[in-house]
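The following exercises are to be worked with the sequence and the model at hand. Each task is followed by a solution in steps.

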Amino acid sequence: MNQLRTQVAIIGAGPSGLLLGQLLQKEGINHVILENRSQEYVLGRIRAGMLEQPTVETLREAGAGERLESEGLKQTGYNLLWGKGRTRIDFDLAGKTATVYGQTEVTRDLIDAREKSGGITHYEVKNVALHDFDSENPRVTYEKDGEKYEVSCDFIAGCDGYHGVSRKSVAADRIDTYEFAFPFGWLGILADVPPVSDEVVWLNHPEGFVMCSLRSKTRSRYYIQVPIDEDINEWNAERFWDEFKRRLPDDLANKLVTGPALEMSIAPLRSFVAEPMRFGQMFLVGDAAHIVPPTGAKGLNMAIADAKQLFEGLKQFYGNGERKLLDSYSDQALDRIWKAVRFSWWMTNLMHKFSDDLFARKLQIAELEYVAESKAAQTTIAENFCGLD
Ligand code: APR
C-alpha cells in the first residue's frame, strides 16, 4: 500500500470538487482530488447553464472567471408564457443579474485553472473508500493503475455527486433523507442553432412544459416535458423539433431554426436532501447532499455555494485553528438549500402538466395571471431565481 498525506482529500472532480480544489490551491492548503472517471468524460458532460451572481463571483475568486467574463451572456430577465398570457420577470426587481454560461465550460475553466496552478487530480481511480472520518485522522483508500493507495488527511470533502460513495459511507441511522419524485421528465436537445429568444422562456402548455434556453448566441438548449417512462430511443432530432415547434406560440415558432442534435437526453425531475451535511471530519458538498428539479437552475449554483462555504470554514481552520465556520457548515448550507428546493418545487408545480385534471390547470393559469398583475409576485420570483443572499 502506497502511503500519502494531505490536508483535505476531495472525492469527485465535478464542479463542486474542482471549485473547492481551486479555492484551496489559491490559499496554499494542501489537497488532492480523486475522481473515478476520466478527464475526457468529466469534460464531456452536458448539464446546467444559468449562473447566479455569487456563482460568477466565486468562479472569479477561484481564478476561473476570465472566459466567463468575455463569453457569458448577461441575463436581465426571463419569460413566463401560458395560453394567451405572458409576463417577463425583470431581475432588476431583485437588483441582480444572471449569466448564461454552460456547466461544461465552467468545468473546462476550472480544469484549465487547476492545470496552470499545479493542483493534483487523480482521474480514473477505483474503489474509493472513506475510513475513520469520525476521528481526527480520517483516511481515504483507492486504487490506480493496479496499485493501492492510502491518503491520510485532516478532512474529507464528499463532492462525488448523488451516486457517489461519500454519503453512502455514513451509517443509515445517522442520516435523514427527504425525497420527492415528479411524475415526468425533460427531454432536452442541444444544438448549434441561434436561440429563438435571447432570454430564457418557460411555457406552460396544456400538453406539457416547454423551455427555450440557450448556451450562447449560436447554441440553443430546448426542453419538452415527457412522461417519466418515455424511451429516449423513440426520439430523434426530427421528432423533437416537430413536437417542440407544435407547442411553441407562433412568434417563437416562426423564429425557430432547427439543426442536428449535439446531445439528446431525458432528465428526471426530483428533489432530494440529505441531512446533516457533516459527519465528523467529512463534509458532503453539492449533488452528494441534494438534488433539485432543473426548473429554476439551482443545482449547479447550490453546489458552488456549498464548496465556497466549506472553503471559508477550512480557510478559517487553517488560518487560526478556529472551527466556528466548519461547525456551522451543515446548518447554514441546509437553510439555503431548503429555500432553493422550495423554489424549484414551486416553479415545477406552476409550469408542468400533472394530469388531465382541468381544475389543476385553471389554478395554474390563475396563479400565472396573478404573477403578471403583481409586482410583488414578480419580485418574489426574481429574488428566488437570482439567488437568495
Ligand atoms: N469516487 C470518485 N469520484 C466519484 C465517485 C467515486 N466513488 N462517484 C462519483 N464520482 C465523481 C463523478 O464521476 C463526478 O465527476 O464525482 C463527481 C461528482 O460531480 P457532479 O455529479 O457533477 O456533482 P457536483 O460537483 O456536486 O456538481 C453539482 O449541479 O447542476 C447540477 O447536476 C449538476 O453536476 C451538477 C451539480
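**Exercise 1: a helix pair**

Helices α1 and α8 are roughly parallel to each other, a class that covers angles under 35 degrees. The model is predicted: local features need pLDDT of at least 70 and side-chain atom pairs pLDDT 80 or more, while totals for chains, interfaces and linings use all residues. Residues are numbered from 1 along each chain as its sequence is written, and side-chain values use heavy atoms, without hydrogens and water.

Task: Describe how α1 packs with α8.

Step 1. Helix α1 spans residues 15-27 and helix α8 residues 299-320; their axes (lines fitted to C-alpha atoms over the stretch in contact) lie 9 Å apart at an angle of about 30°.

Step 2. Residues of α1 that meet α8 include Leu19, Leu20 and Leu23, and among their partners in α8 are Ala303, Ile304 and Phe311; contact means heavy atoms within 4.5 Å.

Step 3. By class, this contact has 12 nonpolar, one polar and three charged residues.

**Exercise 2: the ligand**

Task: Which residues are closest to the ligand?

Step 1. The ligand is surrounded by 26 residues, and the closest are Ser16, Glu35, Arg45, Arg47 and Asp287; the cut-off is a heavy atom within 4 Å.

**Exercise 3: Glu263**

Task: Which side chain does Glu263 join by a polar contact?

Step 1. Glu263 belongs to strand β18, residues 263-275.

Step 2. The side chains of Glu263 and Arg221 form a polar contact of 2.9 Å, the limit for such N or O pairs being within 3.5 Å.

Note on methods:
Axes fitted to C-alpha atoms, helices over the stretch in contact; angles between N-to-C directions. Helix = DSSP H or I, 4+ residues; strand = E, 2+ residues; numbered from the N terminus. Parallel < 35°, antiparallel > 145°, perpendicular 65-115°, else oblique. Nonpolar A, V, L, I, M, F, W, Y, C, P; charged D, E, K, R; others polar. Polar contact = N/O pair within 3.5 Å; in protein donor to acceptor, adjacent residues only side chain to side chain.
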